[in-house]
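Reader: I have a sequence and a model open on my screen. Can you walk me through the inside of the fold?

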Amino acid sequence: MLVELSEWFWQERLWFPEGLGWADLEDRDGRVYAKGRDLWVALPIALVFLIIRQIFERTVATPLASLLGVKETVRLKAPHIPSLESYYCRVTKNPTQSSVASLCKQTGYSERQVQRWFRRRRNQDRPSLLKKFREASWRFTFYLLAFIAGLAALIDKPWLYDTKEMWQGFPVLTLLPSQYWYYMIELGFYGSLLFSVASDVKRKDFKEQIVHHVATILLISFSWCVNYIRAGTLIMLVHDSSDYFLESAKMFNYAGWRNACNYIFIVFAAVFIVTRLIFFPFWIIYWTWVYPVTIYPPFFGYYFFNGLLMVLQCLHIFWAVLIIRIAIRFLTNNEKVDDDRSDKDETDESEEEEEEEGGDKKHTKKNGPMQNGHTVHNNNHSKTE
């Protein structure tokens, strides 16, 4: 059954233009071609990335956070109340007003106390600034090094300057060592992101991030199997060109360096829009969607490859809207650049009220009775009277 399924899945008419097939990618005359079995190398590379990340975050990111002055927010811990904890874990973290009233009856606490407990409990589950900083610094380091390595691997390649060269001689395109390692390292990194997704900081676009990672892994794997490697290297280079700006802006944001964060974010927004909304659709997708049909008839692999590119482009548009919204808010109102996707700590208003009340009581002892939050002098008569 599995053999028959494999034979059907890898049949040549699905993945190659008419007249071409897997036999064209057999190694010969000293020429080496990409093969599907090579992709298994990405699994141990992904595991190595997970190990390196743990070492990097402890030995590099944590001292760097201290050097930049990353300050943790002091969070009050919610007392252990079994019934509230059970409701929080099994039902919802944000109870409705009717649910709060029901919980008040069960626990004997007031409505304000129950609401305060849920605020504190939600804040406990939110990732700390240090965790966010370490994650951002790890991604910044990888994206920067990947962009430099990708640029070094492509700087002398003709298809970087003349995109038609992507398809010259396709699919019989010799695999270069630099292409091999560029592919395996990128694939291993995105695999590590999927492995660590459960422990990473979750943002509001969590589902879109998962779709992006899966589409990227499929795109890299498919382009490798059918020797779309030249197009694949260009796509990876374009994506790596802006991501390290975003991660560095996050690092400065967590450190409280407002001006550095704001201006780096504006640079990131400009690079993102140019590379993802101009270069990617009008430079790369054009030469993978429009040009190939002038040299061979469309086939399933052609539609599959370009379909994945369109999924990425839809995600680019989604993120561009968020980025432009933040940039406009900063440029027009000079507001602090803040990630709309991040889950922010909730202010415990009841605590502030208690602090104010406590301060008022102390003030009352010294200055007499209070009325509407102000000290009453001389039995409600001013000195001038």
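Reader: What share of the 385 residues in the protein chain is buried?

Author: This is a predicted model, where local features need pLDDT of at least 70, side-chain atom pairs count only at pLDDT 80 or more, and totals for chains, interfaces and linings use all residues. Residues are numbered from 1 along each chain as its sequence is written, and side-chain values use heavy atoms, with hydrogens and water left out. Buried means under 20% relative accessible area, exposed over 50%, and partly exposed in between (1.4 Å probe, protein chains only). By that cut-off, the buried share of the 385 residues is 45%.

Reader: Which residues have the most contacts inside the largest nonpolar core?

Author: A nonpolar core is a set of buried Ala, Val, Leu, Ile, Met, Phe, Trp, Tyr and Cys residues joined through side-chain atoms within 4.5 Å. Helices here are DSSP runs (H or I, at least four residues), strands are E runs of at least two, and both are numbered from the N terminus. The largest core holds 62 residues, and elements giving two or more of them include α8, α9 and α11 (258-289). Those with the most contacts inside the core are F189, W224, Y228, F280 and F305.

Reader: Leaving aside neighbours within four places in sequence, which residues is W224 in contact with?

Author: Contact means heavy atoms within 4.5 Å. With the neighbours within four places set aside, W224 touches A34, K35, D38, L39, L175, Q179, Y180, Y183, M184 and I229.

Reader: Which residues that line the second largest cavity are closest to its centre?

Author: A cavity is a set of points, on a 1 Å grid over the protein atoms alone, where a 1.4 Å probe fits but cannot get out; lining residues have an atom within 4 Å of a point. Grid points are joined across faces, edges and corners, and a volume is the space filled by probe spheres set on the points. The second largest cavity has about 130 Å³ of space. Of its 14 lining residues, the closest to the centre are T216, L219, I220, I235 and M236.

Reader: Which elements give two or more residues to that lining?

Author: Each element is a DSSP run, as above. Those that give two or more residues to the lining of the second largest cavity are α8 (177-195), α9 (206-225) and α10 (229-255).

Reader: Is V274 buried, exposed or partly exposed?

Author: V274 sits in helix α11. Its C-alpha atom is 9.6 Å from that of S242, 32 residues apart along the chain. The relative accessible area of V274 is 36%, so V274 is partly exposed.

Conventions:
On a 1 Å grid over the protein atoms alone, a cavity is a set of points where a 1.4 Å probe fits but cannot get out, and a pocket is an open set with protein on both sides within 12 Å along at least five of seven lines; lining residues have an atom within 4 Å of a point.
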